[in-house]
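Me: Please take a close look at the surroundings of one residue in this structure. Then connect that place, step by step, with the other parts of the chain that deserve attention.

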Amino acid sequence: MSMLKEKLADLFPRQKAEVAAFLKEYGDKEVSKVTLAQAYGGMRGVKGLVCDTSEVPPDKGLIIRGIELKHLTEKIPEEILWLLLTGELPNDVQLKDLQAEIKSREDVPQYVWNVIDSMPPDSHPMTMFNTAILVMQRESQFAKRYAEGMKKDEYWDPSYEDMINIVAKLPAIGAYVYRKRFNKGPRIESDKTADWAKNYAHMLGLPDPNGEFTNLMRLYLNLHSDHEGGNVSAYSAATINSALSDLYYSLSGGLNGLAGPLHGLANQECLGWVLETMKKFNGAPSEEELEKYAQETLDSGKVVPGYGHAVLRITDPRFDAFLAFGKKHMADDPVFQIVERVFNVVPRVLSQVQKIKDPWPNVDAGSGGLLYHYGLKEFSYYTVLFSISRALGICAQGVVARAMGYPITRPKSLPINKYKEIVGAK
Ligand code: NMX
Ligand code: MLT
């Protein structure tokens with residue numbers, strides 16, 4: 001048994017007992033109230049979900065298992081996966097053990113390449129990526145063991161196996177989607193000595209003479225890994241998983257939500273918006289021109305992508321981390337400079353619109369400019385990068401949920417006349 005799995009086998013029963021005792025004593029206490037506006041408003045702010053892997057206080061941003069993101073930016077994604085699951089960072093021996101476990105599972109079945117090859121060549125990269133995950137569902141250990149009649153206490157074990165099998169294969173699949181979709185040449189074989197993010201950078205096949213792009217990939221795959229339980233992709237995946245659909249079904253389903261422009265696709269939209277400003281103003285726009293363009297975007301009924309958030313009320317610390325990387329490595333890059341300039345202007349413009357609750361940049365406002373700098377210019381691909389990273393959080397949340405024995409998700413909906421009765425409307 002791997003060291004991580006061994007640790008979880010020890011940890012999970014104790015955590016499950018803690019939840020049971022907590023519920024026994026406090027189960028009937030109220031934790032949230034719901035107004036009619038919240039029922040009609042995407043349940044914003046309603047506390048009714050449980051997620052232990054991470055939390056997002058509006059005034060702090062992402063905290064993974066009690067550690068603020070700013071203290072985790074130098075970590076690599078495998079360390080983050082260990083942290084998400086166990087609540088601790090791994091030591092060197094544990095990290096190597098997890099990396100070896102991932103490495104041993106990275107071979108992708110041939111039929112996955114065949115399926116990607118047979119898709120319409122203009123399919124969106126996210127459609128290709130999510131289809132590849134879904135088509136691998138036949139590999140699910142959870143589905144197999146469930147059909148054989150495993151006990152409820154064992155659910156987390158094959159979920160863990162599915163998680164490692166999926167996580168191990170995603171860099172190769174994501175890289176192939178890039179190479180196939182954008183005619184970059186044949187698939188590049190895995191580097192058997194490289195860590196997860198470095199191997200992904202290697203298989204993408206972009207020039208990386210001094211390893212800066214690899215470092216960006218490590219940062220990128222670290223920063224997007226998790227964002228508590230209520231975001232569209234995590235919540236959708238958890239709902240699917242709660243029906244005991246395995247992690248292949250649930251991850252693919254959740255990532256279909258990430259492919260929406262108000263969620264992960266905003267990273268594609270955001271760089272598009274930045275480049276449009278360059279086209280419109282024949283080069284780098286001034287702050288005044290950007291202000292005008294942001295206002296035009298609002299007036300045309302569109303959102304300014306990369307800005308605003310359903311939970312955060314500060315500049316997203318993930319944006320801060322990308323900005324710091326850009327300042328260090330590409331301060332003179334014209335696209336990066338516009339990203340910085342947009343940051344100076346857009347919050348001011350959005351602050352003047354009363355209904356917008358958060359005028360600050362989110363994670364998607366800065367990442368595209370950095371990818372563009374290293375030659376990853378096909379921005380319809382950007383959400384695949386987000387997905388590879390978010391798979392860590394979604395899968396970790398799924399394994400924890402099965403270990404804790406959480407039931408099927410089923411909130412109550414009502415039609416308008418029932419709500420009218422409840423609030424006493426005429
Ligand atoms: N540009 C224009 N309008 C905005 C923006 C923005 N960046 N942000 C919020 N609004 C509007 C929003 O559309 C809504 O309008 P209406 O009432 O007419 O429907 C109003 O302001 C109130 O929205 P909020 O309560 O501030 O935000 P909400 O929680 O509903 O939505 C987002 C959050 C993230 C969906 C929203 O801020 C947005 O659409 N931002 C741009 C897209 C984006 O960057 N998404 C990525 C989020 C991060 N991620 O990676 O998932
Ligand atoms: C995320 O990373 O999932 C986004 O910031 C969206 C969210 O948290 O709602």
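**A leucine and its surroundings**

Reply: Leucine 204 touches Ala175, Tyr178, Arg179, Ile188, Phe213, Met217, Leu376 and Tyr381, when residues up to four places away in sequence are not counted. Contact here means heavy atoms within 4.5 Å. The model is a predicted one, in which local features need pLDDT of at least 70, side-chain atom pairs count only at pLDDT 80 or more, and totals for chains, interfaces and linings use all residues; side-chain values use heavy atoms, without hydrogens and water. Residues are numbered from 1 along each chain as its sequence is written, while chains are lettered from A and ligands numbered from 1 in the order in which they are written.

Leu204 also belongs to the largest nonpolar core, which has 114 residues. Such a core is a set of buried Ala, Val, Leu, Ile, Met, Phe, Trp, Tyr and Cys residues joined through side-chain atoms within 4.5 Å. Buried means under 20% relative accessible area, exposed means over 50%, and partly exposed lies in between (1.4 Å probe, protein chains only). Met163, Ile173, Leu204, Met217, Leu376 and Tyr381 have the most contacts inside the core.

Burial also marks helix α6, residues 125-135, where the buried residues are Pro125, Met126, Met128, Phe129, Asn130, Ala132 and Ile133. They pack against α5 (110-118), α8 (156-181), α12 (247-258) and α18 (382-404). Helices are DSSP runs (H or I, at least four residues), numbered from the N terminus.

Glutamate 287 gives another view. It lies in helix α14, residues 287-299, and counts as partly exposed because its relative accessibility is 29%. Leaving aside neighbours within four places in sequence, Glu287 is in contact with Arg341, Asn344, Val345 and Arg348. Val345 is 58 residues away along the chain, yet the two C-alpha atoms are separated by 6.4 Å.

An oxygen atom of ligand 2 is 2.7 Å from an N or O atom in the side chain of His227, and polar side-chain atoms of Arg318 and Arg390 each lie 2.7 Å from an oxygen atom of ligand 2. The protein covers 84% of the 260 Å² of accessible area that ligand 2 has on its own, an area found by the Shrake-Rupley method with a 1.4 Å probe.

A backbone N or O atom of Val304 lies 2.9 Å from a nitrogen atom of ligand 1. A polar side-chain atom of Lys355 lies 2.8 Å from an oxygen atom of ligand 1. The protein covers 76% of the 880 Å² of accessible area that ligand 1 has on its own.

Most residues other than glycine have a negative phi. Glutamate 228, however, has a positive phi near 50°; it lies in the loop between α10 (212-223) and α11 (232-242). Asparagine 282 has a positive phi of about 50° and lies in the loop between α13 (266-280) and α14. Asn282 is exposed, because its relative accessible area is 75%.

Definitions and conventions
Helix = DSSP H or I, 4+ residues; strand = E, 2+ residues; numbered from the N terminus. Polar contact = N/O pair within 3.5 Å; in protein donor to acceptor, adjacent residues only side chain to side chain.
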